[in-house]
Amino acid sequence: MKKIEEIFSIPDLRKRVLFTLFLLVVYRIGAHIPTPGINADALAQFFARQTGTLLGFFDMFTGGALQRLTVFGLGIMPYISAAIILELLTVVSPTLAELKKQGSQGREKITKYTRYGTVLISAIQGLGIAIGLEAMTAPNGSNVVLFPGWGFRFTTMITLTTGTIFLMWLGEKITEKGIGNGISIIIFAGIIASFPTAVINTIRLLQTGELQIITLIVVLIIILAVTAAVIFMEISYRRIPIQYVRRGTYAGMRSNVANSYLPIRLNPAGVIPIIFAASVVAFPSTLSTFANNPIIAKIGYYFSPSSIVYYIIYIGLIVFFTYFYTSIIFNPDDIADNIEKSHGVIPGKRPGKPTAEFIDYVLSRLTFVGAIYLAIVAILPQIIIRQFNMPFYFGGTSLLIVIGVGLDVMQKIESHLISHNYDGFIKSGKIKGRGYV
């Protein structure tokens, strides 16, 4: 309570927090405005069967907006997809690689390309969803789309694309005038939006006796333990010491050495490998939902949580994408180059290739630790929830995003508090400067 009072006692911080909350309220209101031409009951019945499929996976990021096909049905995922695609293209495109090195101007151009890519991906996904909805029926046989045709397809495509563009704008405004990264906060809000429903369902099962209080306590203890482990991993770094040598430019001044370090996270790739792996492994089961083919249905079974093959493939994909994505976002040669240009050196390592080889050595081992950690976080909750038949789901992806965004927001608030206290100390102090000739 003291922290909250301190937050709201600082005008600038209070304004940022309230601005962020206001835009999140706008987001949640939009997540309940339906797209025209949809039979909401039939769509809800259809999505009730999509647990574990690609549709259910993406619905988690939209806070149920995809399940209701609201104006924010696509969520912010097209923007994330465009950003990831551009990140991958920087490896094969010299032009994009050069833009990435140009500082703020280069980042502005990459952001502009990301926006264009978001519009394109949203339009394609919106049209695909509209066409797919026309073929969908509820278990009772009623059609999901009331009036199929190109009028419905065009309206749905425009509505969903506009909703994603508006969400992109909200995210950028939160980043600019609010607290934390706006895109991440919107995803965070979408994930935790299902929490109240999960609590209500759990209470109902306890009242009816379908869920035992001992089982619930055991699962909650496991959830707390996994959450604590994730927090520990997300705030842990491997620090590589660096010494920067600064030399004087005039006679009489000796060179001096400044010690610093290069921080590398124990999980360098973040949550991206789980998103990639979950998307790939959920695709066959999604395809089996739409295709009435016994072979595809059999393949879909092996890619569902009911099969041990699913877990083996899922773990293998997480490990592969962890190494793949880390190799893209971290280039040991570039890092060694930057250290040398800054007149820095890693103690015991010569500049240039030896430094790059040492960084690659450290990074490869951290990547292995990160891959195993991501695999455990992704698989363990699924096994526990399936074993205890719990009515709520806490998955690796959602858990990592919620904790990561929460820690980021807390750090941003803490920085504002420290900055405010420091400014107050300077203004109220009686420190006088001393002039030198």
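Buried residues have under 20% relative accessible area, exposed ones over 50%, and partly exposed ones lie in between, for a 1.4 Å probe and protein chains only.

1. Basis. This is a predicted model, in which local features need pLDDT of at least 70, side-chain atom pairs count only at pLDDT 80 or more, and totals for chains, interfaces and linings use all residues. Residues are numbered from 1 along each chain as its sequence is written, and side-chain values use heavy atoms, with hydrogens and water left out.

2. Overall content. The protein chain has 18 helices and three strands; these are DSSP runs numbered from the N terminus, helices being H or I of at least four residues and strands E of at least two. Of its 437 residues, 40% count as buried. Contact means heavy atoms within 4.5 Å. Among contacts with a separation of 6 or more, 72% come from residues 24 or more positions apart.

3. Val369. This residue lies in helix H17, residues 353-388. Val369 is partly exposed, with a relative accessible area of 37%. Not counting residues up to four places away in sequence, Val369 touches Met233 and Leu266. Its C-alpha is separated by 9.9 Å from that of Val319, 50 residues apart along the chain.

4. Thr367. Helix H17 also holds Thr367, which is buried at a relative accessible area of 2%. Leaving aside residues up to four places away in sequence, Thr367 touches Pro268, Thr322, Tyr323 and Thr326.

5. Helix H12. Residues 213-234 form this helix of 22 residues, and its first and last C-alpha atoms are 31 Å apart, close to the 32 Å expected at 1.5 Å a residue; the expected span is 1.5 Å times one less than the number of residues. Leu216, Val219, Ile223, Val226, Thr227, Val230, Met233 and Glu234 are buried. They cover an arc of only 125° around the axis, so they are on the same side of H12; the arc is that of the directions from the helix axis to the C-beta atoms. On the other side, Ile214, Ile221, Leu224 and Phe232 are exposed.

6. Helices H1 and H2. H1 (residues 2-9) packs against H2 (residues 11-30) at about 100°, with the axes 5 Å apart. Axes are lines fitted to C-alpha atoms, for helices over the stretch in contact, and angles run from 0 to 180 degrees between N-to-C directions. H1 is therefore roughly perpendicular to H2, a label for angles of 65 to 115 degrees. Ile7, Phe8 and Ser9 of H1 meet Pro11, Leu13, Arg14, Val17 and Leu18 of H2.

Key: Angles under 35 degrees count as roughly parallel, over 145 as roughly antiparallel, 65 to 115 as roughly perpendicular and the rest as oblique.
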